[in-house]
Amino acid sequence: MRAFLKKFDTNGERWLLLGFYTYIVLVISIEVLRRFGLAYSSTWGEETARFAFIYLVWIGCASAVRERAHIRIDVITEILPPRGVALLYIFGDLLTLALAVGALYWTISPVVMSIKYDSVTEGLRITRAWFVIAVPFGFSLIALRTLQSILRDIADLRAGRPPYRGERLFD
């Protein structure tokens with residue numbers, strides 16, 4: 001079980017992103033062919049692809065937090081010593097964690113309201129809560145990955161290692 005959790009921690013978001021992205025591409029391709037080839041389209045295709053895209057975005061945000069892949073300006077971190085960079089990253093992660101926890105608190109209410117009033121989707125007529133919960137789920141993942149990042153930075157700081165800077169898009 002521990003090996004599975006380690007693999008899921010390392011690659012879980014990648015597999016989820018791959019699954020959602022593949023689903024979106026397949027469903028939209030089929031719907032385009034159906035609409036223009038058969039002059040018929042379904043309501044479920046567009047609706048599920050839209051909701052899959054919402055999950056894709058939130059899981060992608062959590063993955064970017066884990067890998068420190070969000071857009072950032074590195075001017076200050078280039079002139080600071082490794083200890084200063086680690087402290088700056090920890091400060092930024094604490095702000096991110098505060099944002100994620102605050103947003104998580106505020107995004108629970110729409111899920112509760114959706115369940116309470118039996119809100120359903122337009123096309124599928126299933127409970128909207130399955131799709132509204134994507135936002136708190138995303139913020140939960142972001143909070144988890146931010147906590148992991150803080151712990152990684154503290155461990156690096158204590159061990160005297162330079163902090164994990166993530167992968168650079170451009171050099």
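Arg145 and Glu13 form a salt bridge in which the closest N and O atoms are 2.8 Å apart; the term means a side-chain nitrogen of Lys or Arg within 4 Å of a carboxyl oxygen of Asp or Glu. Arg145 is in helix α6 (residues 134-159) and Glu13 in helix α1 (residues 2-37), so the pair ties together parts that are 132 residues apart in sequence. Arg145 is buried at 5% relative accessibility, and Glu13 is buried at 5%. Here buried means under 20% relative accessible area, exposed over 50%, and partly exposed in between (1.4 Å probe, protein chains only).

## Basis of the values

This is a predicted model, in which local features need pLDDT of at least 70 and side-chain atom pairs count only at pLDDT 80 or more, while totals for chains, interfaces and linings use all residues. Residues are numbered from 1 along each chain as its sequence is written, and side-chain values use heavy atoms, with hydrogens and water left out.

## Other salt bridges

The whole structure holds 8 salt bridges. One of them links Arg66 to Glu67, with the closest N and O atoms 2.4 Å apart. Arg66 is buried, at 18% relative accessible area, whereas Glu67 is partly exposed at 22% relative accessibility.

Glu122 pairs with Arg128 in a further salt bridge, the closest N and O atoms being 2.7 Å apart. Glu122 is exposed, at 52% relative accessibility.

## Fold and dimensions

The chain has 6 helices and 0 strands, and its elements run α-α-α-α-α-α from the N terminus. Helices (H or I, at least four residues) and strands (E, at least two) are DSSP runs, numbered from the N terminus. The chain is more spread out than a compact globule, because its radius of gyration is 20 Å, well over the 16 Å that the globule rule gives for 171 residues. That radius is taken over C-alpha atoms, and the rule is 2.2 Å times the number of residues to the power 0.38. The C-alpha trace spans about 65 × 40 × 40 Å along its principal axes.

## Packing and surface

Of the 171 residues, 33% count as buried. Among contacts (heavy atoms within 4.5 Å) with a separation of 6 or more, 71% are between residues 24 or more positions apart.

The accessible surface of the chain is about 11,600 Å², and carbon and sulfur atoms account for 71% of that surface. Accessible areas come from the Shrake-Rupley method with a 1.4 Å probe; for residues, only the protein chains shown count as cover.
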